Amino acid sequence: RLLGMAIKRVIDVVGSATALVVLSPLLVGIAAYIKIRDGSPVIFHQERVGLHGRTFLCIKYRTMVPNAEALYAEVEHLNRVKGPAFKLEDDPRITRSGRFLRRTGLDELPQLVNVLRGEMSLVGPRPAPPREVAGYSVWHRRRLIMRPGLTGYWQVEARADDDFDHRTKLDLEYIDHWSLWMDFKIMLRTIPAMASQQGR
């Protein structure tokens with residue numbers, strides 16, 4: 001398993017670096033689209049919890065109004081997820097361009113930089129903000145023993161699932177049965193999942 005994890009990291013570095021180069025026209029195009037439609041800033045940084053509970057700044061395209069974090073308390077009661085996670089059916093803070101970017105998952109592409117830095121992997125459990133991790137039960141915290149991913153098992157198995165316990169069970173199933181082949185299959189299934197526009 002140690003050798004497999006070393007190979008996984010090599011794949012992360014090569015894969016993220018290659019993707020950043022190949023997708024650079026798309027990355028620039030999305031940034032220009034956000035700038036024209038919604039103004040600055042184009043990039044949003046949010047603290048997330050990664051491997052073994054270490055925090056890092058997760059990079060995303062901005063999909064919400066600039067003061068979205070300050071407005072969190074006003075929409076917190078509208079949370080539709082069962083458990084220590086947060087998602088709204090129709091978040092009023094989302095910008096005009098943000099809705100499409102979230103549905104397709106394109107807002108996550110800047111996290112390729114996080115992968116290159118070693119803060120994330122191409123595949124793994126999705127990183128959560130500290131306020132959500134603070135609400136984890138002991139068994140939920142086991143999802144932190146693997147580097148968080150740009151995509152993951154529950155993203156392709158149950159992308160629209162609103163039960164955090166079920167999401168976590170899928171993450172733990174991934175961790176317990178991990179293999180390079182499993183990562184490859186998840187990456188192959190990610191593009192159709194993005195194309196289905198089931199994200200929110």
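In the predicted model, helix α1 (residues 2-22) and helix α2 (residues 24-38) have axes that come within 4 Å and cross at roughly 65 degrees. Axes are lines fitted to C-alpha atoms, for helices over the stretch in contact, with angles running from 0 to 180 degrees between N-to-C directions; helices (H or I, at least four residues) and strands (E, at least two) are DSSP runs numbered from the N terminus. A19, L20, V21 and V22 of α1 meet S24, P25 and L27 of α2, contact being defined as heavy atoms within 4.5 Å. By class, this contact has six nonpolar, one polar and no charged residues (nonpolar: Ala, Val, Leu, Ile, Met, Phe, Trp, Tyr, Cys and Pro; charged: Asp, Glu, Lys and Arg; polar: the others, Gly among them).

Residues are numbered from 1 along each chain as its sequence is written, and side-chain values use heavy atoms, with hydrogens and water left out. Because the model is predicted, local features need pLDDT of at least 70 and side-chain atom pairs count only at pLDDT 80 or more, whereas totals for chains, interfaces and linings use all residues.

The largest nonpolar core holds 22 residues, of which L122, Y153, Y174 and I186 touch the most other members. Such a core is a set of buried Ala, Val, Leu, Ile, Met, Phe, Trp, Tyr and Cys residues joined through side-chain atoms within 4.5 Å; buried means under 20% relative accessible area, exposed over 50%, and partly exposed in between (1.4 Å probe, protein chains only). Two or more residues each come from β2 (55-61), α5 (111-117), β3 (121-123), α7 (153-157), α8 (164-176) and α9 (180-195), and α8 gives the most, with four. Beyond four places in sequence, L122 touches I11, D12, G15, L112, V115, G149, L150, T151 and M187.

V113 is located in helix α5 and counts as partly exposed because its relative accessibility is 28%. Leaving aside residues up to four places away in sequence, V113 touches L20 and I59.

L71 is placed in the loop between β2 and α3 (72-75). With 22% relative accessibility, L71 also counts as partly exposed. Residues up to four places away in sequence not being counted, L71 touches V65 and R93. From C-alpha to C-alpha, L71 and V14 are 38 Å apart in space and 57 residues apart in sequence.
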